[in-house]
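Subject: Structure handover

Hello,

Here is the structure for you to look through. My notes follow below it.

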Amino acid sequence: MGEAAITTAIATEPAVELKGITKRFPGVVANRDICLSVAKGHIHAVVGENGAGKSTLMKILYGMQRPDEGEIRIDGSAVSFHTPADAIAAGIGMVHQHFMLADNLTVLENVILGSEPRKGGLAIDFGSARKKIREISDAYGLGVDPDALVEDLGVGDRQRVEILKVLYRGARILILDEPTAVLVPHEVDELFDNLRVLVREGLTILFISHKLDEVLKVADAITVIRRGTTVASVDPREVTARKLAELMVGSELPSPETRESTVTDVVTLEVSGLTMADPGAGPVAKGASAEELRAAGVRLLLDDISFTIHKGEVLGIAGVEGNGQAELVEAIMGMRPINAGTVSLAGADITGWSTLKRREGGIGFIPEDRHRHGLLLEAPLWENRILGHQTREPNVKGIWIDRAGARKDTQRIVEEYDVRTPGIDVDAAALSGGNQQKLIVGREMSGEPALLIASHPTRGVDVGAQAAIWDHLRNARAAGLAVLLISADLDELIGLSDSLKVILRGRIVADVDPASVTPEQLGSAMTGAGEETA
Amino acid sequence: MSGFMERLTGRVKLDGVFAVVAPVLAVVFAGLVTSVVLLIAGNSPVDAFTTLIDQGSTPRIIVLILNTAAAYFLSAVAVAIGFRMNLFNIGVDGQYRLAALLAAAVGGAGLLPGVLNSLLVVLVAVLVGALWASIAGLLKVTRGVSEVISTIMLNAIATGLTGWLLTADRLGVLNGNAIGTKPIPEDAHAPGWALIPGTPMEVNSFLVVAIVVGIGYAVLLNRTRFGFGLRATGRSEPAAVASGVNVKRMVISAMAVSGAVAGLVGMPELLGGSYQYSLNFPAGLGFTGIAIALLGRNNAVGMAIGALLWAFLDSSSNALQILHISKELVDIMKGVIVLSVIIAYELVHRYRIVAAQHRVSRELAAPAGTEGAAA
């Protein structure tokens with residue numbers, strides 16, 4: 001696949017036109033010769049890997065950064081933005097990935113914050129603001145109640161409030177930065193319905209994402225960014241997700257498939273009857289079983305979960321996020337107390353062990369949120385190597401930290417796991433997400449673990465790092481590692497797992513054979529629709 | 001990314017030249033602000049600073065500076081142990097005062113002869129400090145009480161408790177109108193050496209204790225497993241939990257160690273100066289320690305320099321009155337130093353983060369040409 005652009009003719013007049021945009025940071029070119037033409041009334045997707053330069057481009061378009069070269073045209077006339085206020089005045093609105101709402105204010109207060117309508121000079125004119133919010137909400141089918149407290153709203157509703165906020169300020173062109181990252185599948189569908197209404201009413205949407213299926217579902221046009229420059233503009237009707245991914249990466253795609261089985265009959269992890277009550281439910285009887293708790297009307301985060309993982313086996317847990325996966329992982333790691341059930345590792349009952357003892361006993365852990373749980377961002381890489389292994393060789397000798405040993409082993413991880421870094425003394429925060437994750441994988445694989453708990457091991461990492469992490473998981477599995485894999489990426493789950501279980505509202509509701517299941521079937525099992533089909 | 005509080009309390013490190021440049025700039029800036037204040041008040045800044053330095057370099061004041069700095073430094077180390085793991089031990093003040101009172105009472109009783117008695121005094125002080133600080137740790141772990149609130153309240157309680165204990169029918173002994181604990185026998189006084197020529201005043205042996213504590217602090221924090229767990233908890237509690245650090249135990253041990261060092265703060269005065277706890281016993285050293293820990297960014301050497309600077313300003317400020325300048329001028333100076341050092345560290349920190357990210361992407365991009373970058 002070359003760099004040749006597959007361009008579709010666009011008949012309508014462009015709402016946004018970028019020509020030759022280049023942005024340099026000291027030592028780095030973040031954007032280079034970007035050309036982008038967004039038709040009015042279209043949902044235009046901009047796709048690219050993490051670090052490809054999407055965010056920089058959007059910051060330029062929103063006036064947060066100024067391009068070194070190039071031209072921005074809005075509705076045909078050249079503009080120059082110095083601040084976001086200029087961009088807003090030109091009708092551009094930005095919905096950030098992380099919501100910027102004050103929880104303790106109402107929707108109305110959040111929307112007008114910073115552009116309060118005045119009445120008689122000083123007083124805020126809530127009446128007219130409420131009326132305007134209702135009008136916008138009705139016109140675009142957003143269904144937002146201006147008097148609801150933001151803290152009572154779900155993620156999908158909050159996002160609609162964010163959209164309403166920019167519409168309230170008169171935006172005609174909306175930039176949505178990874179809007180689906182925080183949403184569950186049905187919320188994504190709702191968002192897409194909202195977006196379709198918005199464009200039908202004449203708005204233009206720039207949709208930034210690296211989730212290709214979603215892009216193909218919703219976009220009218222797609223532009224691919226790679227290494228800071230636009231490499232192709234494609235028509236979503238004429239391109240497959242695979243093709244699009246290859247354009248993003250610039251090479252053939254890796255695949256998560258592992259087919260020849262390495263499963264043995266030696267049990268590594270056995271979980272039986274694991275039950276965890278919602279701590280919000282108040283105190284519950286100690287040692288009460290799942291049935292007793294259920295009968296008492298206690299909401300269970302984990303409901304009587306049992307499974308085994310053998311040496312050399314990857315067990316995948318599929319499920320919509322928030323159905324107990326995080327609690328399951330934390331229960332097995334000993335980070336959260338359980339109400340009933342046992343966990344045993346290689347025949348030893350570890351239910352009462354501390355997290356440290358479990359780690360020492362041979363559990364490696366790739367946490368879901370690497371920034372919160374996996375790294376000390378402002379500590380050098382070699383100190384991060386010690387994290388979680390602070391009682392073991394080669395990091396310590398007795399009560400002393402063995403600096404030389406830890407540094408040497410960090411160097412080994414950097415080389416073996418291809419962590420791209422100028423050295424082991426830089427802070428973890430300075431590395432890209434993919435390289436941070438490779439460091440974590442390397443660390444958790446060291447010390448020959450018997451069990452690896454991998455929670456979203458390739459989330460938010462680029463395709464190259466993803467392939468490398470998959471390779472390491474496959475190799476370790478072949479060498480006899482048992483893996484508990486939790487992922488939202490269904491292809492990853494199906495491709496890597498030897499067996500698959502579906503979790504729904506804290507219960508294992510289905511066993512699925514990864515050799516025969518399709519992502520669609522798995523997806524419907526995850527929402528509870530296919531409980532009996534599996 | 002780290003929050004402002006993390007950087008304020010120095011859990012985010014600065015390396016190389018930055019660590020030196022920021023405080024030096026802050027001190028220079030504070031000098032400028034003080035000069036402006038002096039000019040407004042109609043005094044000559046040159047005269048004032050010359051007087052301060054002249055006074056500060058007399059042998060007698062040098063000894064005073066060294067002895068005062070020892071207590072300041074111990075207080076700063078006590079605060080810094082908490083800072084390194086995200087605990088704001090504001091209670092050093094109450095911890096050392098209560099510790100000094102009880103230790104003075106035990107010492108005054110003369111249970112043991114000679115040097116054994118002084119060791120007993122120190123031991124009691126360390127234990128009392130550790131126990132008093134552990135209350136805040138326990139409250140935090142079991143009840144989720146912020147240690148900021150509990151240590152402030154424990155300070156007030158310590159004040160009340162020392163006042164109650166220091167009465168004639170309890171630990172106090174009336175001597176004329178003054179009340180204090182029974183003086184510690186002379187054979188248990190801390191030794192001192194007339195090191196500085198030109199004055200018979202002795203440099204107290206607690207200077208050595210302070211140096212040893214400083215070295216121990218650096219080694220404990222940077223070279224041991226305990227220190228690693230403590231720093232990891234300070235940098236990211238969720239990451240520490242996921243790594244198997246027992247955060248609750250760590251909170252209690254850190255508070256206890258912090259309190260133990262706090263217990264030493266009153267010792268240079270008790271065993272090297274007053275030999276009894278009376279109403280004149282210096283108060284407020286715990287707060288001085290917070291300022292010096294901030295100034296020195298929890299670094300042992302940095303805090304030593306900070307303690308010397310503070311002791312210099314305090315010890316030589318009296319001389320300003322010769323020029324009819326209020327000696328409270330040095331308080332203005334100390335305040336401005338702390339404020340500007342915080343601002344300077346923050347600016348340097350922001351610069352350093354951006355510089356590090358650019359450096360990494362530059363070094364990685366160099367072989368691959370213009371590889372993408374996340375902004």
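What distance separates the centres of domain 2 of chain A and domain 3 of chain A? It is 41 Å, taken over C-alpha atoms. Domain 2 covers 100-170, and domain 3 covers 256-355 + 487-534. Domain 1 takes 1-91 + 172-247. The bounds come from an automatic or database domain assignment.

Some ground rules. This is a predicted model: local features need pLDDT of at least 70, side-chain atom pairs count only at pLDDT 80 or more, and totals for chains, interfaces and linings use all residues. Residues are numbered from 1 along each chain as its sequence is written, chains are lettered from A and ligands numbered from 1 in the order written, and side-chain values use heavy atoms, without hydrogens and water.

**Strand S13(A)**
S13 spans residues 267-277 of chain A. Strands are DSSP runs (E, at least two residues), numbered from the N terminus; helices are H or I runs of at least four. S13(A) runs antiparallel to S14(A), residues 300-310, with 7 bridges. Pairing requires at least two DSSP bridges. A:Ala277 sits opposite A:Leu300. S13(A) also pairs with S16(A), residues 340-345, antiparallel over 5 bridges. There A:Leu269 faces A:Leu345.

**Helix H10(A)**
H10(A), residues 325-333, has 8 of its 9 residues buried. Among them are A:Leu328, A:Val329 and A:Ile332. A:Gly334 follows, with a positive phi near 75 degrees.

**Chain B**
B:Ile215 lies in helix H8 of chain B. B:Ile215 counts as exposed because its relative accessibility is 53%.

Best wishes

Conventions
Buried < 20%, exposed > 50% of the residue type's maximum accessible area, 1.4 Å probe, protein only.
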